[in-house]
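Hi everyone, thanks for coming. Let me put my structure up on the screen, and then I'll walk you through a couple of spots.

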Amino acid sequence: MHQSRREMLQLLTAAAITSIGPVSSRALDGLSGFAGQTVETTAPIKARMFWTWDHSTEWALNRPGAHTMGAANEYGRTTEAFVDDYSALLYWCSHHDVDAVVVWGLLRDSHGGLESAKRLSDFAASQGVRLLCGVGLNCYGGVYYEGHSPISLEHHLASHPELIALDERGNKMNQPHQYVACPSRRENQEFTAESLDWLFKNLPLGGVQVETGDYTVCHCHLCKERRKYPSSTFSWEDMALMYPIAAKAIHAVSPKAWIACETYSHPEPYFGPKEAPGFGEGKPRWADECLEQFPRGDGIFVEWVCDQYVQPLNQRQWTSAGRVSSVQRQNVMRSHFGTYWAGHLRGELSIDWIADMVKRSTASGFTGISLFGEVSPYDTGAELNYLALQNYGSAANPNADLELFLEQVAGPLLGGSENAHEFLRYARLPARSNGNAENGGARLGTVPAGALKEVYARCGNSQPDVARRWLWLANYLASANYPSLPA
């Protein structure tokens with residue numbers, strides 16, 4: 001069985017090298033000075049990342065087919081749009097101190113497979129930006145998200161149905177785009193290692209973000225016997241099992257690769273009432289035991305999530321107990337600002353909330369920050385969010401001071417410091433009701449008519465680039481007043 005799969009991988013690799021050539025030395029040289037961890041500075045934030053899904057990333061404007069939300073969508077744009085989207089994004093990152101871009105769905109037949117991924121890997125390396133492939137170790141397609149490839153997790157499991165995970169009722173979890181592997185099976189662990197070995201031998205990647213799956217866990221007898229602790233839709237023990245396997249395989253090929261290990265959790269201790277916390281909640285009492293088994297070393301990041309612990313949600317308290325250790329690892333805090341996930345809005349201005357996130361994160365020992373980067377900075381909300389990512393926690397603004405950002409960064413773009421303060425004030429006028437991932441994010445209520453007149457007036461009295469940014473705000477506010485049904 002295993003020899004057959006290795007033969008398929010050898011054939012696939014040979015075909016790829018024949019069609020697109022070997023990994024270029026130029027691409028590898030582009031990362032040669034980009035060490036496993038960012039160079040030490042006086043700035044508290046030393047690593048900045050963008051998190052993206054391929055099907056929701058829309059930097060090449062006026063192209064059809066993008067999705068605004070989702071985690072298992074088909075890719076609806078062209079190969080050209082895919083390459084253009086991420087080329088523009090990577091170029092922007094290289095000029096705005098964003099160190100890495102995570103791409104979920106990097107390898108798909110529908111947007112060029114290995115060839116287009118190699119074009120982006122080469123370009124990212126030439127720009128000094130790390131391209132990180134999103135890899136679901138037990139789910140999300142593995143290294144090859146979608147396509148007729150033996151390296152696809154879905155292909156692997158369809159070929160070996162006895163290795164598919166079981167749900168609580170004993171049914172195989174084998175829906176399209178949602179095949180789940182049993183992590184307890186040695187064959188699946190070997191497939192994970194082999195596929196990651198193949199990935200790094202065929203793409204000049206800067207690293208990966210790895211996950212074990214956040215929507216279900218395997219309930220077969222092997223997993224039940226292996227786990228000592230309860231799980232929700234994800235398992236800390238599954239992470240502790242799979243992440244070292246992944247890191248060993250990757251660093252055997254690419255010792256300087258970055259590996260971001262997702263936890264789906266916040267570091268604040270969780271005390272119930274549920275047996276095991278869900279997505280975005282605190283870490284359970286057994287998390288530290290599992291963290292001890294996570295890989296260590298240069299380029300290893302533990303990734304956490306904070307939406308429920310910072311503005312505008314602030315549903316949970318973040319105390320001094322929610323600190324992280326940076327011994328032999330870095331820690332990255334991420335949020336879903338700028339998307340329709342977790343009660344937010346796609347492209348929404350979030351600069352004050354990001355300031356809250358960075359302040360709390362640096363006070364708790366974090367040295368990395370990650371935001372979603374799917375929306376083009378042509379949208380002013382996204383543009384200012386991304387500039388906040390660059391500025392907060394940097395040597396120019398180590399304390400993530402919102403006032404300093406408004407004066408020095410946003411002010412020149414919006415007609416002056418006073419205008420920047422007014423821009424944020426207007427952006428907070430809509431009454432906001434929080435939603436969640438299931439209902440598609442927050443909702444906006446009515447904006448006073450007088451405020452709309454004031455904002456539109458500023459558009460006519462400004463230079464073109466400044467006016468464009470105010471017009472974005474005016475349309476954002478006007479949309480809050482537009483009825484979804486006739487009165």
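Predicted model: local features only at pLDDT ≥ 70, side-chain atom pairs only at ≥ 80, totals over all residues.

So, what volume does the second largest pocket have? It comes to about 430 Å³. A pocket here is an open set of points on a 1 Å grid over the protein atoms alone, where a 1.4 Å probe fits, with protein on both sides within 12 Å along at least five of seven lines. Lining residues have an atom within 4 Å of a point, and the volume is the space filled by probe spheres set on the points. There are 19 lining residues, and Y340, R346, L444, Y476 and S479 are the closest to the centre. Two elements give two or more residues to that lining: strand 14 (443–444) and helix 15 (464–481). Helix 15 gives the most, with seven. (Helices are DSSP runs of H or I, at least four residues; strands are E, at least two; both are numbered from the N terminus.)

Residues count from 1 along each chain as its sequence is written, and side-chain values use heavy atoms, without hydrogens or water. The chain averages a pLDDT of 91, with 89% of residues at 70 or above.

Now helix 11, residues 380–391. Just after helix 11, G393 has a positive phi of about 80°.

Conventions
Expected span 1.5 Å × (residues − 1). pLDDT = per-residue confidence, 0-100.
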